[in-house]
Each structure stands twice: as C-alpha cells, then as structure tokens.
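Subject: Handover of a structure, with notes

Dear colleague,

My notes come after it.

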Amino acid sequence: MSCAENTRVTASTCCYCGVGCGVLIEHSNDRIIAVSGDPAHPANHGKLCSKGATLHLTGDIDARGLYPQLRLDKSQAPTGCDWNSALDHAARVFAQTIKDHGPDSVAFYISGQLLTEDYYAFNKLARALVGTNNIDSNSRLCMSSAVVGYKRSLGADAPPCSYQDVELSDCILIAGSNMAYAHPVLFRRLEEAKARRPQMKVIVVDPRRTDTCDIADLHLAILPGTDVALFHGILHILIDQGWLDHDFIAQHTDGFDALKARVQDFNPVSVATICGISQAQLQACAQMIGQAPSFLSLWCMGLNQSTAGTAKNSALINLHLATGQIGKAGAGPFSLTGQPNAMGGRETGSLANLLPGHREAGNSEHRNEVAGYWGVEALPETPGLSAIELFEQVRSGKVKALWIACTNPAQSLPDQTRVHQALASCPFVVVQEAFFTTETCAYADLLLPASSWGEKDGCVTNSERRVSHVRSAIAAPAEAKADWQIACEFARKLETLIRPGLPSLFNFTRPEQLFDEYKALTQGRDLDLSGLSYAILDQHGPQQWPFPKGAQQGTARLYQDHVFATANGRAQFQAETYCAPLEETNGRYSLVLNTGRLRDHWHGMSRTGTAARLFGHVEEAVLSLHSDELRRRKLNDGELIKVRSRRGSLIVPVQADDDIRPGQAYLPMHWGDRFLKGLGTNVLTQPGYDQQSKQPELKHAVIDIDKVELPWTFFALVEGDIQKRFSQLRPLFEHFAYASFTLTGSEHPALQIRAANPAAPDGELLASIDRLLSIDSAMVLAYDDPKRAIGKRVRLDSGRIIALRLAGETSAQDWLKSMWREAQTDDQLRRWLLAPLSAAARQGSSAGNKTLCNCMSVSQQTICDAIGQGMDLNQLKQNLGCGTSCGSCVPEIKRLLQAQLTVC
Amino acid sequence: MKKLKLVMIGNGMAGVRTLEELIKLSPELYDITVFGAEPHPNYNRILLSPVLAGEQTFDDILLNDHSWYADNNIKLLLGRKVTQINRRQRLVTADDGSTAEYDRLLIATGSTPFMLPIPGNSLEGVIGYRDIADTQVMMDTAKTHSHAVVIGGGLLGLEAAHGLKLRGMDVTVVHIGETLLERQLDSTAGKLLQKSLEERGLKFMLPKQTAELLDNGQGRVCAVKFTGGDIIAADLVVMAAGIRPNTRLAEASGIACNRGILVNDTLQTFDPRVYAIGECANHRGTAYGLVAPLFEQAKVCANHLAQLGYSRYQGSVTSTKLKVTGIDLFSAGEFIGGEGTETITLSDPIGGIYKKLVIRDDVLVGACLYGDTADGGWYFRQIREQHNISQTRDHLMFGENAIEAVGPQGQDQTANMPGNAQVWSDNSVYQYKIGTAIQAAGLEHNHELR
C-alpha cells in the first residue's frame, strides 16, 4: 500500500497529564495513524494510559481552528481573515489600549499545556514589551499551592524526587490524588512495584474511595478540607512516639519548635473528630510513616485546590522534614502536576508573580537581572493579576484587552457565571486555540488557530523535572500556527507601534532559538538547565534538571546533601494552623461538592471530547451521592435534580455512589457548557482562593439539591459530522431546562443528546433540531402524537440505525441505542423501533452498558458475564483482552471480581 | 297452519344472508320467493376483483348454488326483473309478467354504478363495474384491445384497474380528487398507494375531470377527453365513480326514499310489511356499501321477520380493505380526524407503512393503515367496543401485542419483547388470526353514494 510506504514514526510526548509519557507517533505526511508508548522514554517505558493510547483518535478536524477569524462588532459572528490583518488589528487594539489605559489594562492568560518556548515568548511579550505582570496561566488553578509550598519549605519550586523513587519507596502516602485516573502510567508503575514488594505500604487520603484506593493498605476517607489537621495529627503522634529524625531536624531545618507547639493541640482524639476517621486509622497511618525506612508522598489537586492549599502542602512537607525523609532513595514530597508542562510554566515564569528561571516578579534584583538580559530598561513593578483576580478585573472593566492562549477559562475557572460575564463585557478578547469549539472561543473577537499535539516542536518538563523534546510529526492543518510563532509575530507588530525604532526583541524563527535564549536565564538558578540543548535531548533523551553547563547527565534526586535552596540552606518548617474550607454546610446547603477527574477525559475536553470512544466509560455529567442521601431525599438513581450553590445551579441526573460518604457529592470537573447546559460544573464552584498561592478552592463548595419536574424528555443520536452538528445543535438547546451532549460509539461514532423540559418546546425549534439531525427527510421512520407532544424519528441506512430522535417519550432510548450499536434491523424489528419499549434497557442497566476497557472495547456487562462463568483476572485478560493494554480498567475489574457479582 | 308468504326482490349477498339467518331462526314460518335480475344464483360480489385479476374463477365465488334454494324450499326466479310493487294487493310483478303475492316483502335491490352524464357514456366499451357480466366484458376486451381508462380512484376503480393491468392492458386511472381512496385513506396514505400502484405499472391522472367519451366512428369508444381539452386513447372505459341505490321500484310504490329506501332500526320501511336491506337502504342517513354492516342488518332483519323482534340495528362502524394483492390497506371509523379528535401517526417509508389512529375523549374512533394492516381487526374492535385507551395510548400504535405486553393499566411488562423468538412466533400467530378475522368479516367495496 502506498500509505504504508510513506509511514514514518516520530518520537514525541503525550499532551495530557504531567507524567509526561513518551509517545511514538506513526504518521504519513499529513495524517497521524497510530500512537504507541515510547519504550525508550524514562517516564513510561513504553506504557500509555487509555487517554494517551487514543491520541490518534482525537483532534477531529471539524473541531480545529483552521483560519483566523475576526469580528469588529460583538453582535456579529467572527468571519475569516488573513493572519497579517488579524495580527495588525490585534496589535493596533493592544497598542491603543496600552496608550489610553496603561500597560496593566491588558492581560495574558495562558496555559500549562504550552511548550516551554511558547511560555517564554509570552513572558517576554508581556513583561518586556507590554510592560505588565498581567500574565497568568491556568497552572494557577492546579499547581500554585505546590509552588508556594515547595518554595516556603525547601527554598525552590522543585519537586525533589524521581518516578523511580515511587518504585523504591517503603511507604507512600497519596493525598488528594486519584492518580489511578489522573496519572495512570505512574500509578501502573506503583502498582507493579507494590506487586513486586507487597511489604510496601500505600496510604491513600481521599474523601472518596477512588480506584487509587485499590492498592491502598490504608484509606483515610477524611472529611473534605481537613488535610492540615490530619498531617498535624500525624506529626503529633510521630513526636509522641519519637518517630523523628532528630539529627536531621537539628542540622538541616529551622522552626521545629514552633511547629511542635502548633501540633500539640492536634491530639488523636480531636484530629479523628475533625477528620471524620477513627483514632486507630490515624494511629496506623502515623505508624506506617514513622516506621518506614523510606517515605514518599504524592499529592495533587486535593491539597492544591484549596483556600488552605499552601498550608496543606507545607504540613505534608513538614512530615518529611521531621522524619528526614527527603533527599534519599524512595523518599520525599513529590507533587504530581496535572498538565504536561505546568513545570515548564513555573520555570519560565508564567505565573503573574514569577519571572523566568524561578525568579520573583516582586524581587527588584530578579527584575533587573531579567531586564538586563532582555535588553530592556526595566520590568514592571506592579504585581500582576492572578487568574481569579484577572477575570474579576476583566469583569470590572479595568482589563480591556485580554489574550487567552491554549486554555478554556469559560469552562475551567470557578464561578462561571462571573467568568462568562467578564468575557462578554471585555472590549477585546483574543483567543489563540487549536480547537475552536471551546466555550471560551464563543467570546473571542479574534480567534487565532494554533497548532496542537503532533504538530508542535519544543520542550516540556514533567513532574519529575524531566525535560523532553516534543517533536512535530505532521504540519498543522490549514493556516494554524505554533503558539510561540503567533506570540512572536504579534509581538513584532506591537513593537513597531509601542517601541518603534528599536531592534526587535522577538527575532525568533525557530523554537530552538527561544529555548537557547531562555536557558541562559536558568544559569546558576536551582533549575539550571543551561547545559541542555535540543541536540543533547535528541542524542541522550529526556533529562532531569538541574542540568548545568558541562553536565553529562541530569539530576535524579534533589537535596541529597541536605542543603536546601533557602537563604541559609536549611529547610523551613511551617507552623500554620488548620483552617476549615471557606464554605461550610448549613441548613440551606447541606452537602459538600467535590469535583475531580474521570478516567478517560482530560480537563475541559477540547481534545478528549472529540473521540467518541473516550465517552464509553462515563457518558455524561452525573452528580454522585451516597445511596443514603438518595433515600433520605426520596430520589431515584438517574433522576434529574437541580443542584445549586451560592453562585449558580445546574440540572443533572443523580447517581448512587457509596464510594462517597454521606453529606458529600461529586461531580466531574470536565463538563463545561458545551456538554452540559447551564455553564457546566464550575457554575457551582467557588472563586475563594488561598491567600498565598491565589489558587481557588475548586474542590470544595457547599451545595444542595432539589427535585425537579421535567416530564418532557428528549433523546437523540446521530452519526456523522459530529463536531459540526454539535456546534450547530448546542445553541438550540438553550431553550431546554436540561441538556447534555456527549459522543458515543467506537466504530460508528455518534453525537448523543439528552434533554428535558417542563413542557414541549415549540414545533419550529423541534423542526430546526430535526434538520440538523438529518431526520427531516421523507425516508425516516416517524411516530407522532402531537396531543401528547410525542414525536419519534429513526433514520436507517441499509438496515442500520444512523440517527434517531425521541421527543416527549424516551423510554426506548437505551434499547434503541443498543440496537444502533449492535443490530441490523429487519422488517420484524423495524416494527418496534418507535415503540415505547424500556424493558431491554432495564435488563442491562446503563451501568452495565458502559465500556470498562476502552483499549480493547470491552463492556462491563461482558466482563460481568465472564466473571459469572467463573473467570479470574488472568482468564478475563486472556479471553476478553480487557486490562491488557493500558491497564487503567484493572482496578475496576478487580473490584467487580471482589464484589462477587453484586453489581452485575 | 298456513305459511306466510315472503317475497324477496334481489338475489344478492345482503338479501340471501337475511334468508339464511331467517331459516336458522324459523325455517317453517315462510314460503319464500326470490326474484333475481342476474341469471346467476347468489355469488360473492366482493370477489369479482380477484376473478378479474385471474386469481379466482366464477365458480370459486359462488355462495349459494341452486340446490341450496331447493333444499330450503325457496322459489328462485332468475333473470327476472321486478317492475312493480302493488302494496295494496301485496303483489309484485316481474318483467316477464310473472307475479308473486306477499305477506312480507324484502327489498334487496342493491345499487347500480353511477354513469357520468357526459357525451358518449353509452358507447360500446363503456361499462360500470358491478356484476359478473361487467367482469366478463372486461376480461374479453382485454384480449382484443389495449387501452383501458378507469374513471374513479376509489376501491372499485383501483381493483378494476389492477385487474385489467394484470390482463395485459395499458391502464390509466382518472380521478377527480387530489388523492386516491379519499373515502378510505388520508392523503398521506393515498399518495403511498398511488406510488405503489405506479410501481406496478398503472398510470394516474389526478385531479382530472372527464368531459366526453369519443366515438371511433363505429359506436365504440376510442378516447377520453378531459375538461382541459387533452385526450387519451381508450378502448375500454370503466365507470367506477360511485354507485346509486336502486330505489326506483320502491319509490314508484310510494315508499319513502331519500338516497336509499328509508328504514328504521328493524329495517322496515314506513309500510311495516315491507323491509329493505343492503345497499338500497338508507338507515339513519347512511347507505352502507360494505358487506359487514349489511350482514349486521341481515341479522336484525331476519330476527324481526322471524317475529322475534328483540334485535335492533343501530348503525355500523365500517372498515375497508383493498383487494389488490400485495397492497395492504385498512381504514375504519373516523380515520380522517377533525375537530375534537387527536391523531397519532406512524410512518415507515422503508417498509412502505403508514398508520394513523384517531382518538376522541380517550377512545379510539378511527384508524387508517397502509402497508401493515395486521392490527386492523384489533383496532376495529377497539373502535367498536369504545375502550378507554388513556393508559395504553403510547403503546396503541404497536398493536395488540404491545398492549398485551403493557398490561391493562399501562404498566410495562415488555421484559421479553423484540429480539425474543417467542414474541415473534406469537406475533405471526396473531397476524394469521387477524388475517382470518378480516376474511370472516367479509369486508366489501365501499360503493360510494353521490
């Protein structure tokens, strides 16, 4: 085949989480054909998770931005224009705004998914050219508490461990991280290590019983937000028991006495009460930590996304310092990053308060160093706005021109009502984005198409400080450009307007030039990577910083000499007290809402939301509650409810989930307004933030739920042109109280819509919907009972269902969907397609229909059936293939085996 | 005891059925005399179309042979047309001069095709479609001529057209309405039917009004001319543009008529000795053209003739079926819908199926089925029995099987519906059952009245 002859393989990295796995991209000149794990990459040794392994299935061209689009009037839709006039226009508006209102009237909001070179270009643009510190990144939502935590305690924002330490450790504490979902490949490594050394102890601290708990020796389901109390309580016991490294404390730390006094009050009785766990559990946890030869902790958003995020980080690091568990194999506080290059962002100074090379924007010496290097007079002194503050100032009108790159604040920030108001009111919004389908794009006055995974060239740093060279396999589609390139081209245009006659600061034609200019700024800093180059990365593979000039290899572990990056070289104990989360339950809001990840989706789903297969595990937004809560509220599984917080409300189905404690609720963070009408999950979450890290408390809001009466229901499914139809249909569903969009299927992907309303919509709206579903033609099976506002349509192609729409009466939706997925219809069956048959659905509950193993497309029902025949895990793997590829589904399969079919 | 004398004028299906019912009830009460204008004993007029289509023979459709009349002591006078009723003398006279006295008279003269009052309507080759003779003309003409035009897109016209097509003629159906079978189908079903018949080679001109039938110069029709002036060739013109009840005889004897002989609920005219039944009778404003109501009338009429009198006829809900092999259509009741009614429709263009149910005040009052008439009989029963369907409404369209699965209160018990072999076998049994039910009901042409 000619196609096979042209196939090449390019080694690059995965664009999802911070594990930073290496991928081998199989591609032709213009098309990515397949993806596999890179056996040579030290992060994953060839493994990939369900998301990484399906990268080649994502990125539907219909969702991509292909040409710049501009609108001069907010009431109009943007229309296509050429790059030159697009950027000319942007430069004019920015220059005018800066001239009229000062440099702080413009802002840049960028992303942990950018490459290091992109970051660097944006930083230079904001701080050196525009002269503002108003550049913040979505890393503010995920890592800024860890940044402050590391810096306060250890002196630098540097995770001291390597992934290998995870395998070497004797005791691992996983706090506020469902790494089985969020960092699956590292979790696989941990699973395997524990299988090899069963004596290894794993403690999971999480209010929910997640898949991560499957390998836990101890699960502490603490009450949400009580982590500081827990860590202080553990330290209290460590002190009591003498499980401390007194020498380490004496020689390498400061502030232990103050901390000791602080934790005095955190005795086991009160800590057990605060945290909602037993004293025995607390004791067991302290003992595992205190007696472990090596102790390592992993954490993520459960600690960071909190008004006490910094305190939580510090309290956890305290445990390592008190026990001397840092700077040695299998030990250390190891923060997991959520984004592929959140680390790179921190390194290049892509938070408002930072400067390149782990410098501080508030530090005049640092400013002078960077200004000197860049050849500008000075860098701005005024503190920049962090994400929450930034959007608040956009809303208040102080920020008048906003440049957003590679992130989707209209989905990801808390309190979406205000964010949408802000974006709608901002005089000039530029969105630089690979996917023009995101919620934020709707607010863009100028939309700039960016290149994306597989098309980009540059560097990323993963959670273990490892820098990988990201290589492009194919060219970006149409006129899409690399993010650094867009930033630089814009900068050059802006220069001529606000810095005329001076030599350009942005004479970059290749990303490598940006990297080389940037790396010199790290020289002599804790993260010194001045010894790295594209050539070294290409020759020796990914490297961990520090990698100073002349180094032969990277640094696997920091602080082995116990000299810390603080002024006096000693680590600093932090003695903060425990503060409860900002919002507490009361009579009006009786539940605590936690948000988090799904196994097969990532962030705002701009990429994963283009692959139908990734919706097989969880199809749509559902609020999970303990079954006692459902019983108490007389709610049924699957019933639609209105969930409300102080800021907004959403209509979603509820589902019983006894992995959540009563009094709590869980809603995945991924669902934005595109997928779930009503601005998505974050319409509920709160913008209150940690005063030091400015990271918002996305994982803790009080809510309550009310019954809703939405008797008129709607269900539709349509194959083909998914993204186009999605974009066209979604606005029509603003008129419905509830509307949930999703993708479904694997071989024949389809768009699926579920909606509900108090009464039927008008016929004209339904007719418009039908046109977009392509079921308005004569050759469609139709059932209509206008009096009851019932209308059903099924479109067949050679006996296969290719589109269907049920309105007013949807009881056959699950049955029809199974017909769509599996069956050819014949005359006999066709007779029943429009009938209100719900039985087939009830037989196999919707849970049974979900795809458990995405790699091999094995449903939960199939696995349950096989378990019923007496198969064990190995037989299941052998016979069904499930769990043999990425392994993400293995914890769930194990649970099914353990549950002895009770759910089947 | 001396027997009463019963005379029946007309030897068709409705009348003979009355005699059969009467003999069952009271075989010895009457001396019976029957006058028949046709030279044949009672045959099944409904099945003339299958005869024309070549699917049956005249012998196949005979209902009562000569020996039946003899066995029941019925005096059968064939080929004799009654010309006068003398109610004072209680005497009828036929065209051959033969007479018969009566104590009770049963008029069952049926109807005649309506021949359009246009020039050329009496030319050779211009016929109605009513009896064996007409059928024979068509069969003979098909052997010698090629162009047939059927005027009227009702049941009878379409059956004639279909039969002529099968016999090799080039057939054009001319219809004055917008769609075919307007009395039986709504326009959606009518169009489906037209499409299906077109696929079988029939041509349609509609809406179209015939102005004149043209002479070939030898007294035979050669073409049809329309009001617009256009002309098509025609060697045979079949008028199927409705029927007229045969009331002339009754009218002449002073019996009240108005689009049929007016009868009461015991099928008696104002003269209580004189009964009228079938297509010639007008009961509560309706002259029925379908056989099922006529058989209901026969039962009541016989009951009264037998001097029992406890039975009353209160009108019928009618249903129709087109006897064109491979085309299933069914309609019953108020299938058009209208004020105060709600409709539920289902359409399956792949299967060529269209169904419409009409509901008023939670009762099924009409049904129109095209392509899949398996549930026709069941709907017909629902309409007649006036069941409240509010609990089963969403399942109603899917027929008896679905309702049984749902249960009377609408609770869903469809645990093993489609995909389950047992259901399918049940279903096929059911279809068979309905098929026979329709035949048993013996649905006949709707001979429209104008």
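The notes below move from conventions to the overall fold, the contact between chains, and then individual sites.

The model is predicted, and local features are given at pLDDT of at least 70, side-chain atom pairs count only at pLDDT 80 or more, while totals for chains, interfaces and linings use all residues. Residues are numbered from 1 along each chain as its sequence is written, and chains are lettered from A and ligands numbered from 1 in the order in which they are written.

Overall fold of chain A

Chain A contains 32 helices and 36 strands; helices (H or I, at least four residues) and strands (E, at least two) are DSSP runs, numbered from the N terminus. Its radius of gyration is 27 Å, close to the 29 Å that the globule rule gives for 904 residues, so chain A is as compact as a globular protein of that length. Here the radius is taken over C-alpha atoms, and the globule rule is 2.2 Å times the number of residues to the power 0.38. Along the principal axes, the C-alpha atoms of chain A fill a box of roughly 80 × 70 × 60 Å.

Of the 904 residues in chain A, 62% are buried. A residue is buried if 20 or more other C-beta atoms lie within 10 Å of its own, exposed if 12 or fewer, and partly exposed in between, with C-beta atoms placed from the backbone. Among the contacts in chain A with a separation of 6 or more, 72% come from residues 24 or more positions apart; two residues are in contact if their C-beta atoms, placed from the backbone, lie within 7 Å.

Annotated domains

UniProt, in an unreviewed entry, lists residues 7-63 of chain A as "domain: 4Fe-4S Mo/W bis-MGD-type". That span is 0% helix and 32% strand, and its end C-alpha atoms lie 25 Å apart. For chain B, an unreviewed UniProt entry lists residues 5-285 as "domain: FAD/NAD(P)-binding". Residues 5-285 of chain B are 24% helix and 29% strand, with end C-alpha atoms 30 Å apart. UniProt positions are given in the numbering used here, feature names are shortened, and annotations may be inferred rather than shown by experiment.

Contact between chains A and B

In this contact, 23 residues of chain A meet 21 residues of chain B. On the chain A side, the elements that give two or more residues are β32 (781-785), β33 (790-797) and α27 (827-830). β32(A) gives the most, with 5 residues. The chain A side divides into 14 nonpolar, 2 polar and 7 charged residues, where Ala, Val, Leu, Ile, Met, Phe, Trp, Tyr, Cys and Pro count as nonpolar, Asp, Glu, Lys and Arg as charged, and the others, Gly among them, as polar.

β32(A) also pairs with strand β23 (residues 342-348) of chain B, in the antiparallel sense and over 3 bridges; two strands pair if DSSP finds at least two bridges between them. Within this pairing, T345(B) is the bridge partner of D784(A).

A three-stranded sheet in chain A

An open antiparallel sheet of 3 strands runs in the order β19-β20-β21 in chain A. β19 (458-461) and β21 (543-544) stand at the edges with a single partner strand each, so one side of each is left without a neighbour in the sheet. β19(A) and β20 (residues 466-470) of chain A are joined over 4 bridges in the antiparallel sense, with V460(A) opposite S468(A).

The loop between β19 and β20 of chain A holds R465(A). R465(A) is not a glycine, yet has a positive phi of about 65°. R465(A) is buried, with 25 other C-beta atoms within 10 Å.

Other local features

W545(A) and P546(A) are joined by a cis peptide bond, with omega about 0°; P546(A) is in the loop between β21 and β22 (571-572) of chain A. In chain B, a cis peptide bond joins L206(B) and P207(B), with omega about -5°.

In helix α30 (residues 860-868) of chain A, the residues Q860(A), I863(A), C864(A) and I867(A) are buried. Seen down the axis of α30(A), these buried residues fall within an arc of 100°, so they line one face of the helix; the arc is that of the directions from the helix axis to the C-beta atoms.

With kind regards
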